[in-house]
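Work through the exercises below with the sequence and the model at hand, and try each task before reading its solution.

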Amino acid sequence: MPLPAIEVSGLSKRYVIEHESRHDSLRDTLHHSARKLWRRLRWGTGFEREEFWALRDVSFSIQPGEVVGIIGRNGAGKSTLLKILSRITEPTSGQITLRGRVASLLEVGTGFHPDLSGRENIYLNGAILGMQRAEISRKFDEIVAFAEVERFLDTPVKRYSSGMYVRLAFAVAAHLEPEILIVDEVLAVGDAQFQKKCLGKIEDVARNQGRTVLFVSHNMAAVQSLCQRAIFLRGGTLFCDAPVAVALQAYLADAQPDANDQFHGETYALRVDHIGFTQAGAFPAIALDLTLRAKLPGRLALEVIVKSSMGTPVAFADAGSLRFDQALVITPGDTRSRWLLDASQLANGSYFIRLQLFEVGVEHHLILDHPAAIEVTRATPDGVDRVLQADWNVGAVTLPLYPVKN
Amino acid sequence: MDFPAPANPPTLADPPALVLAAGRASAHYWRDLWRYRELAGFLAWRDIKVRYKQAVLGIAWAVVQPAVQTILLTFVFGKLAKMPDGGVPYPLLVLCGLLPWQLFTGAFNGAGGSLVGNSHLISKVYFPRLIVPVSALAVALLDFAVMLVLALPVIAFFGLWPGWQLLLLPAFILLTLVIALGAGLWITALTVKFRDFRFITPFILQVGMFVTPVGYRTDFLPNWRDLLALNPLSAVVDGMRWCLLGGRTEIYLPGLAASIITAVLLLVSGVWYFRRTERSFADII
């Protein structure tokens with residue numbers, strides 16, 4: 001086995017937060033020092049210094065050619081890890097060994113200058129990312145073709161549309177040829193077609209050119225399709241380092257809020273026991289475990305509204321409100337029920353669920369918004385090449401399209 | 001960078017290993033600085049390109065400002081204060097004093113504001129940070145070159161041909177840049193943490209304009225000479241005037257020696273402080 005491309009051992013990063021004041025100005029510092037001295041003399045203590053460990057004792061190693069996803073909630077330490085790997089900031093303790101040229105893409109278009117033309121920015125940005133002039137010149141045409149900005153090469157980029165800007169920026173970065181590529185959430189930009197192209201490019205870099213890629217994203221579907229392995233960071237520590245499916249499962253399970261065990265409503269109250277995406281059954285589904293508490297008997301209708309992460313309702317399902325015969329017949333007391341919402345036409349991405357409960361034909365009872373996002377990450381079914389991604393912004397559901405023969 | 005040609009698929013059999021650990025950033029610093037020299041060039045080129053974009057007069061601004069200043073200072077020092085000119089046309093004395101002063105101002109301002117001005121790069125990409133203030137000197141040099149090219153015919157117009165002394169001009173340009181960079185490194189590193197230094201810079205320059213013999217010549221002020229020599233820029237201004245006016249003014253050698261020593265001390269201490277604080281730039285900028 002070759003030597004690992006990235007070896008991280010016992011990595012920690014500490015930030016010190018000093019209470020009482022942030023001294024960004026000299027006056028603050030002088031003032032602060034004087035008070036600190038006074039407190040020392042008087043009480044023998046200075047101000048409180050709170051230590052914040054952005055990363056704590058993280059160790060892993062990555063073999064050359066591996067594509068590894070890094071997942072975790074905001075503040076889990078992903079960005080800090082990337083910053084240390086990119087040498088922007090130093091670790092507090094621990095050690096990293098990198099074997100090969102590293103290029104990191106923490107954002108697209110780092111160092112783009114709005115007043116410079118597209119052509120000039122390609123050179124500038126290339127140099128900032130660590131390319132040599134000759135290398136940029138050699139790939140110049142390729143970059144321009146990839147970005148699709150031929151006509152505007154000599155226009156200052158401040159006059160570019162945001163899409164063109166991002167395309168150009170990504171194109172430069174995509175033509176870096178490092179042995180180790182570190183990518184942070186750069187796919188969240190651009191239109192659907194271009195996002196596909198970016199993903200494809202990263203895939204190409206990873207699969208066909210045998211480079212090591214570290215990919216950070218909140219887009220679970222992208223992580224799933226690109227990476228074989230994922231590292232799940234949680235509160236600055238390494239929580240799970242496993243094949244992508246396992247790590248994603250750990251992440252999704254962790255994403256469920258622990259306590260949503262409250263009933264909402266009065267005469268008829270609803271409690272969400274669990275809502276989550278599952279592929280365990282015959283079809284990919286969003287499973288809903290609900291408990292209904294009724295004080296009176298009645299006929300109720302349940303509605304499920306699926307909203308995109310932007311809050312747009314994209315799907316509707318019901319039991320009893322469009323089809324009366326499917327209404328739930330309720331007896332007083334608690335009734336537990338499990339529902340499966342077929343997600344096989346739903347694009348991969350995150351969704352929010354709203355539940356509505358009606359007494360059939362009578363009164364509007366209850367609206368319940370489930371606070372946690374549901375991540376739909378369905379695998380590619382047989383006979384299909386890819387799965388629609390919600391963040392392509394082309395829609396959330398796949399509709400069947402039939403050719404009509406004359 | 002000295003990596004294998006990227007056109008070939010990378011061979012990972014025995015790639016150079018880079019070790020990152022606390023306090024290790026300095027291990028390859030100077031080698032990295034050399035490797036990233038092209039980036040320094042690109043940053044300088046960017047600053048120059050952007051400098052006069054969307055300005056109708058463009059690079060003419062590099063001339064307008066000193067021209068107006070020459071007229072004003074000639075009026076104030078030559079006509080109102082009636083400072084001695086020693087037979088040299090007063091506008092020329094002022095013009096030749098302004099040239100190094102403008103170079104210093106530009107270089108010092110550029111280097112001093114460079115880190116905060118490039119904070120978006122510093123928090124997103126690695127490179128030896130020393131590149132930033134160094135490349136900020138380029139704009140000042142360009143402005144100086146334009147002014148110099150235009151100043152030489154003016155000097156000739158007054159009938160004062162520069163002599164062999166002109167050959168020493170690069171040495172004085174270098175001295176100016178060393179002083180500006182040394183001071184600029186201090187200011188720019190301090191500004192990362194304390195934004196106060198942004199307000200201190202214009203103040204230093206305002207005072208400096210008068211304690212530096214820009215508008216007057218020192219060889220007729222023997223009482224003040226030693227005091228003025230405490231300012232390392234005095235010797236630079238005297239020296240450049242001497243170069244440009246063909247030796248018609250004098251250089252105060254003890255002052256020049258002091259200036260060179262101060263310049264070296266400033267640069268060495270500036271680099272030391274910059275390097276010492278550099279590793280935390282990304283965290284606090």
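Just after helix H11 of chain B, B:Gly246 adopts a positive phi of about 60°. The model is predicted, so local features need pLDDT of at least 70 and side-chain atom pairs count only at pLDDT 80 or more, while totals for chains, interfaces and linings use all residues. Residues are numbered from 1 along each chain as its sequence is written, and chains are lettered from A and ligands numbered from 1 in the order in which they are written.

**Exercise 1.** Describe the length and the burial of H11(B).

*Solution.* Start with the extent: H11(B) covers residues 232-244, which makes 13 residues, where helices are DSSP runs (H or I, at least four residues), strands are runs of E of at least two, and both are numbered from the N terminus. Next, compare spans: from first to last C-alpha the helix reaches 19 Å, close to the 18 Å expected at 1.5 Å a residue, the expected span being 1.5 Å times one less than the number of residues. Finally, 13 of the 13 residues of H11(B) are buried, a residue being buried if 20 or more other C-beta atoms, placed from the backbone, lie within 10 Å of its own, exposed if 12 or fewer, and partly exposed in between.

**Exercise 2.** Is B:Leu57 buried or exposed?

*Solution.* First locate B:Leu57, which sits in the loop between helix H2 (37-51) and helix H3 (61-80) of chain B. Then apply the count: B:Leu57 is exposed because 10 other C-beta atoms lie within 10 Å.

**Exercise 3.** Which element gives the most residues to the side of chain A that touches chain B?

*Solution.* The contact takes 46 residues from chain A and 33 residues from chain B, two residues being in contact if their C-beta atoms, placed from the backbone, lie within 7 Å. Among the elements that give two or more residues to the chain A side are helix H1 (26-43), helix H3 (118-128) and strand S4 (93-99), and it is S4(A) that gives the most, with 7 residues.

**Exercise 4.** How far apart are the C-alpha centres of the two domains of chain A?

*Solution.* Chain A is divided into domain 1 (63-253) and domain 2 (268-392), with bounds from an automatic or database domain assignment. Their C-alpha centres lie 36 Å apart, and the contact takes 10 residues from domain 1 and 8 residues from domain 2.
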